[in-house]
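Open the complex in your viewer and follow along. Each stop names a selection, then says what is there.

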Amino acid sequence: MKVSLFITCLAELFYQDVAKDVVEVLERLGCEIDFPHGQICCGQPAYNSGYRKDAQKAARQMIAAFEESEYIVTPSGSCAGMFKEYPGLFKEDKEWRDRAQAVADKTYEFTQFIVNVLGVEDVGAAYSARATYHTSCHMMRLLKENESPFKLLGNVKGLELLPLDNSYDCCGFGGTFAVKMVPISEQMVDEKVRHVEESTADILIAADGGCLMNIKGRIDRKGKPIEVKHIAQILNSRD
Amino acid sequence: MGMKIGDKPFFDRVDDALENDFMRNAMASAQDRLRDKKLDATERDDQIGDWEEWRNAGEEIRRHTLENLDYYLDQLSENFAAKGGHVYFAKTAEDANHYIQEVAKEKNAKKVTKSKSMVTEEIGLNEALEDVGCHVDETDLAEYILQVGGNDRPSHIVVPSLHQNKEQIRDTFQEKAGYTGTEEPRELTAFARSQLRDVFLEADIGITGCNFAVAESGSISLATNEGNANMVTSYPDTQITVMGMERLVPTWDELDVLINLLSRSSVGQNITTYVTNLTPGVEEDCVDAPKEFHLVILDAGRSNALGTEFQSALHCIRCAACVNVCPVYRQIGGHAYGSIYQGPIGAVLSPILGGYEEYGELPYASSLCAACTEACPVKIPLHEQLIRHRENYVAKQGKPKTGEKMAMKAFGVGASTPSLFQMAVKGAPTFLKPFVKDGSISNGPGPMKPWTSIRELPAPGNDNFRTWFKEHKRGRK
Amino acid sequence: MAKGTIHNKDVFLSEIAGKLGRERKKDVSLPEWQHQPQWKVYKNASPDDLLATFRQRSQAKDAEVVETDQAKLMETLQKVVEEYGGGPIVTTNDDRFAEYEIKDVLDNDHTHRWDTALGADNIEKANAANIGIFFGDIALAESGTIVQFNDKDIARSVSLLPITYIAILPKSSIVPRMTQATHEVHKQVESGKDIATCINFISGPSNSADIEMDIVVGVHGPVNAVYVVVE
């Protein structure tokens, strides 16, 4: 199966290891991966801040980069969710709206693609740890993807998955929200970290770079001994 | 006092809120309890069928009603007046207050009782009535608590006194109302009952808000638990009901659906204890009903939303389900919003009613997590409307900071010019190197400052993914 | 009855129509709603099922449900009254008391039957009453609710002012949920009838959770509620 990787700007800048894990997991499952070079950023920072025109610039770039693809897969529920917003972003421009719709229709978040398109729930991974999982808001509510990460993690050998209280509450990232509303974001991420601590997990797993960067950034600042990993890193681990 | 709460700038209000530990604990525990109760009464209640279908039904009814608002308001007012009621269409808060003042003067009214109503908070009716010599008693327990306390304002549209704990309420009652009991809610409640019973019976005018009006019969529906709305509408000779112009349904069939959505979404009940439906035209010799019934239908900025992307904000039935799941409200409570309409719906509604000058920052007080949209029983796309507000704020009405505008312009260019982005990706490790310690940045320069003020920023990786991928592909061939 | 007044209607409604981008609408018919989940709830429930649900949902709201039949109604009522501390009692002025042959039990010094001729005295009596007794017109199984169509004789105060209220309900008056009751009202409106000026849906005793979300029963309305269901 031919898969175009949309790696996200955050992973390209900060999480190259996650990007490599995504490639290796998908290849092991038989996908042929290509990397469209025109890709940059989904445009969400501008879109969510109200800068529609600037978001459209980013979106046009991405649509052009990916419209030849068969499947578009990205290790971020939020960025996948933004692709789904593209048709609405061009609601007054039929040509771009149609192109946007075509791209949106073939876009999948990484775990969603593995479970729902490839039909795989056990990727043969092994990772010994007591972990908890952070359900990111956009994956849950924009993509309505609640099950795939749990199905995949449930089949990771050695991984004990612990419940996380108030898992449905946002971690306080929210893109530019994290820098625009610092005092509020701080309280939100602190509550999230507290719940992670209370879960007694040694490691927090998530499927979205933004949430990870926020929660890990706070955990590290506070010097807490909790590891934070992207789900691709877990799924690419072997005995 | 009106819709606005306090005069401080937004971030000062947020700071005040974040220092108030009791309030914050109260918000968190109230949210947790209300969330569970709501889920039990909605998605988890298998007796009522598919909750999603109920939401669809609610949305469908609200959409049709708002699309034909002029028609149904016409029908409502004609039916209300045909039965002897008096209808006043008020363009502004001042118009509404003036009309009600005139009624009070004509009746020579001194004592006014009120059941819970956010719309009368919005227009500052109590002060207007005091200006013409009326004494106004709030009778909903939460509103009573706020009123006894002096100048306190609502922090939640369903439970306005949510920010006060029982000890605070005890102290207020002791200091201001001669209470001598303990902080037990049962005792505090009994005190309010004893204080208000005669007040109800002696009032000259009873004033209510309106959960829904029914167009086909000219009726007003009030949903309460305490029985105070029944008291307020049974004993005074004159009843005045104030409604936001969007709060109506075509017929009694639709009333059923919306009362169900409201009761379950707001407080997790299958129906509120009282749903009281009042229509003018009581018999001459009726002893426990008002002789005169006035209905004030208020615009006060609502029509700004009609025909715009915000029209569905008027579908709101004021259940506060969005407030009860909002992670931002959870941290800052209601007063920080600076409006009696708080939480996600407050951040959508307040700028529509009061303008961007006053409330333009509220749409940014959201992480766009979409919990609100998911919770809304009439499916208002709240988080999307927050983005639409931000777009308006940026494009015309508001005053975004120039730095932000430039940054976003640069973003637009950077995010559509691959070579520039690659320069940034490749340059970032070198540029940020002086700030990196142990693979992490604790004190970032310029635009990274707000981020690193409370968190670490990962150091940009030295590996280039595109280079790796090229080599990786070559290796696989 | 004298027609009331309407102020500012045309300016107000024309502005709304303008904002909606069209002329004023003079005729709108209700669409056939795509979603009508309300009619499916307890659709095939038998009268016994409905009673069982009504009982369970009422008890969940701190209302006591007592079942009886017409022969034992008088005795049951006496017992309930005694249990809840006896008189003074206030009742609505309702022919059904005679129909159900319980008029006599309420014909005593402790009981006041609503009488409009006595004016405000009625309210004083109701306010001083320990128990209010009336007939429910419709009962809702889903929510343990009684529906009362009030008028000058079926006074609102009887269910509102006393410490305890007792509602007498024929078992046949139990319907699945609010849907059937509001539809009944809708049919009355459509047939051109004047509907009751106060239609009350009451579910158990009054209550509030305004103080720290702690539920307290008995706020401004009654503290106790008893439903006597008559077979």
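What is the mean pLDDT of chain C, and what share of its residues reach 70 or more? The mean is 96, and 100% of the residues of chain C reach 70 or more. Keep in mind that this is a predicted model. For the complex, the predictor gives an ipTM of 0.97 and a pTM of 0.96.

**Stop 1: chain C**

Select chain C. Colour it by secondary structure and you will find seven helices and 13 strands. Its C-alpha trace spans about 65 × 45 × 45 Å along the principal axes. Chain C has 231 residues, and 48% of them count as buried. Now turn to its contacts between residues at least 6 apart in sequence: 73% of these join residues at least 24 apart.

**Stop 2: who touches whom**

Show all the chains. Which pair shares the most contacts? Of the two pairs of chains in contact, the answer is chains B and C. Next, look from chain A to chain C. No contact joins them, and their closest C-alpha atoms lie 19 Å apart.

**Stop 3: the B–C interface**

Select the residues of chains B and C that touch each other. Chain B puts in 86 residues and chain C puts in 74 residues. On the chain B side, helix H4 (residues 69-82) supplies the largest share, nine residues. By class, this side of chain B has 38 nonpolar, 29 polar and 19 charged residues.

**Stop 4: a strand pair across the chains**

Stay at this interface. Then label B:Asn277, which faces C:Ile199 in E10(C).

Now keep E9(B) and hide chain C. Which strand of chain B is joined to E9(B) by five bridges? Strand E6 (residues 219-224) of chain B is, and the two run antiparallel. In this pair B:Ile220 stands opposite B:Leu278 of E9(B).

Are the residues of E9(B) buried or exposed? Five of its five residues are buried. Both faces are covered. B:Tyr274, B:Thr276 and B:Leu278 lie on one side, while B:Val275 and B:Asn277 lie on the other.

**Stop 5: the nonpolar core**

Select B:Leu258, B:Val296, B:Ile297, B:Leu298 and B:Cys322. These have the most contacts inside the largest nonpolar core, which has 290 residues. Helix H12 (residues 252-267) of chain B gives this core its largest share, eight residues. In soluble globular proteins, nonpolar side chains tend to be buried together.

Zoom in on B:Val296. Leaving out residues up to four places away in sequence, B:Val296 touches B:Tyr88, B:Ala90, B:Ala96, B:Tyr99, B:Ile100, B:Ile240 and B:Val242.

**Stop 6: the A–B interface**

Bring back chain A. Its contact with chain B takes 53 residues from chain A and 47 residues from chain B. On the chain B side, helix H18 (residues 382-397) gives the most, with five residues. The residues on this side of chain B divide into 30 nonpolar, nine polar and eight charged.

**Stop 7: the domains of chain B**

Colour residues 10-303 as domain 1 and residues 418-476 as domain 2. Over C-alpha atoms, the centres of these two domains of chain B are 55 Å apart.

Methods
Residues are numbered from 1 along each chain as its sequence is written. Chains are lettered from A and ligands numbered from 1 in the order in which they are written. This is a predicted model: local features need pLDDT of at least 70, side-chain atom pairs count only at pLDDT 80 or more; totals for chains, interfaces and linings use all residues. Domain bounds come from an automatic or database domain assignment. Two residues are in contact if their C-beta atoms, placed from the backbone, lie within 7 Å. Helices (H or I, at least four residues) and strands (E, at least two) are DSSP runs, numbered from the N terminus. Ala, Val, Leu, Ile, Met, Phe, Trp, Tyr, Cys and Pro count as nonpolar, Asp, Glu, Lys and Arg as charged, and the others, Gly among them, as polar. Two strands pair if DSSP finds at least two bridges between them. A nonpolar core is a set of buried Ala, Val, Leu, Ile, Met, Phe, Trp, Tyr and Cys residues joined through C-beta atoms within 7 Å. A residue is buried if 20 or more other C-beta atoms lie within 10 Å of its own, exposed if 12 or fewer, and partly exposed in between; C-beta atoms are placed from the backbone. pLDDT is the predictor's confidence in each residue, from 0 to 100.
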